[in-house]
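Thanks for coming. I will take one structure today and walk through a few of its parts. Please have a look at it first.

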Amino acid sequence: MQFTAKMLSSYLVIGTQDLVAGQDLVALVEATLKAGVTIVQYREKGATAIQNPAAKLALAQKLKNLTAQYHVPLVIDDDLELALAIEADGIHVGQSDQKVAQVVAAIKTSHKPDMFVGLSVSNLEQLANSDLSGVSYLGSGPIKATSSKADADPVIGLAGLTALVNATNLPIVAIGGVAFTDAGAIADTGAKGLAMISAFTHASVNQLNTWVPQINQTFNK
Ligand code: 3NM
């Protein structure tokens, strides 16, 4: 699937470590797809994440089949082998993950050469030091304090986000401590969307169905 900046509007990031009691990952993803999320990232990371590669593969394949039904891209976080195995639409790489240039080069010679690449960039220094060739979008944050990522960078706020937006032509999705109600303020910076974990895991189906279309509209004015 060809990447477009519009895909960043409402960006679900999710792994089993993020689920709240009684939640099922596939059911949660389907509820967000029904509400209209524009992209899904499977991010299995941390002490309580699934470690077994076969179990991860099975879950990722289910998510690929599900997102395909909704014509929504699936991105795999920081696992090129898994992304290639399920022919994911995209892969997301962090500053401390496998080097982005290596990922871009490996994709080019793979059976899935059109897989797009996203990169986490938290500040201007990281931006200056990043090899952006072959990168389609940036994920920038944390905008506010987050309890979903143990090793998050210092909070950058809307000011830090604005500085990054003004320093690059790549579309940026804002992440970290972001709430549905932040869409207007984040759109005003020039960023292209909201990437969220806990806002999605803590929302009711009614809240998803109310907020996700509003967020999409905010970024597509
Ligand atoms: N990356 P929540 S913050 C996965 O700053 C991730 O790069 C971040 O979760 C970054 O929406 C983060 O619950 C966690 O705050 C986002």
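Predicted model: local features only at pLDDT ≥ 70, side-chain atom pairs only at ≥ 80, totals over all residues.

Before the first pair of helices, one term: a crossing is called right-handed if the near helix is turned clockwise from the far one by less than a right angle, and left-handed if the turn is anticlockwise. With that in hand, look at α1 and α2: α1 passes α2 in a right-handed crossing. On the α1 side, the contact is made by Leu25, Val26, Val29, Glu30 and Leu33, and on the α2 side by Leu59, Lys62, Leu63, Leu66 and Thr67. By type, the residues of this contact are seven nonpolar, one polar and two charged.

Now the geometry of that pair. Helix α1 covers residues 25-35 and helix α2 covers residues 53-69. Their axes are 11 Å apart, and the packing angle is about 20 degrees. Angles under 35 degrees count as roughly parallel, and α1 and α2 are therefore roughly parallel to each other.

The mean pLDDT of the protein chain is 97, with 100% of its residues at 70 or more. The model has an ipTM of 0.99 and a pTM of 0.98.

Back to α1, which also packs against helix α9, residues 205-219. Here the angle is about 35 degrees and the axes are 8 Å apart. This crossing of α1 and α9 is right-handed. From α1, Ala31, Thr32 and Ala35 take part, and they meet Val205, Leu208, Asn209 and Val212 of α9. Which types of residue make up the contact of α1 with α9? Five are nonpolar, two are polar and none is charged.

Next, the ligand. How many residues surround the ligand? There are 19, and the closest are Gly141, Thr146, Ser148, Gly176 and Ser198. The shell around the ligand consists of eight nonpolar, nine polar and two charged residues.

Gly141 comes up again in the backbone. A cis peptide bond joins glycine 141 to proline 142, with omega at about 0 degrees. Where does proline 142 lie? Proline 142 is in the loop that runs between β6, residues 137-140, and α6, residues 157-167.

The last item is another backbone detail. Aspartate 78 is not a glycine, yet its phi is positive, at about 50 degrees. Aspartate 78 sits in the loop between β3, residues 74-77, and α3, residues 80-85.

That is what I have for today.

Terms used
Residues numbered from 1 in each chain as written. pLDDT = per-residue confidence, 0-100. Near = placed C-beta within 6 Å. Nonpolar A, V, L, I, M, F, W, Y, C, P; charged D, E, K, R; others polar. Axes fitted to C-alpha atoms, helices over the stretch in contact; angles between N-to-C directions. Helix = DSSP H or I, 4+ residues; strand = E, 2+ residues; numbered from the N terminus. Parallel < 35°, antiparallel > 145°, perpendicular 65-115°, else oblique. Contact = placed C-beta atoms within 7 Å.
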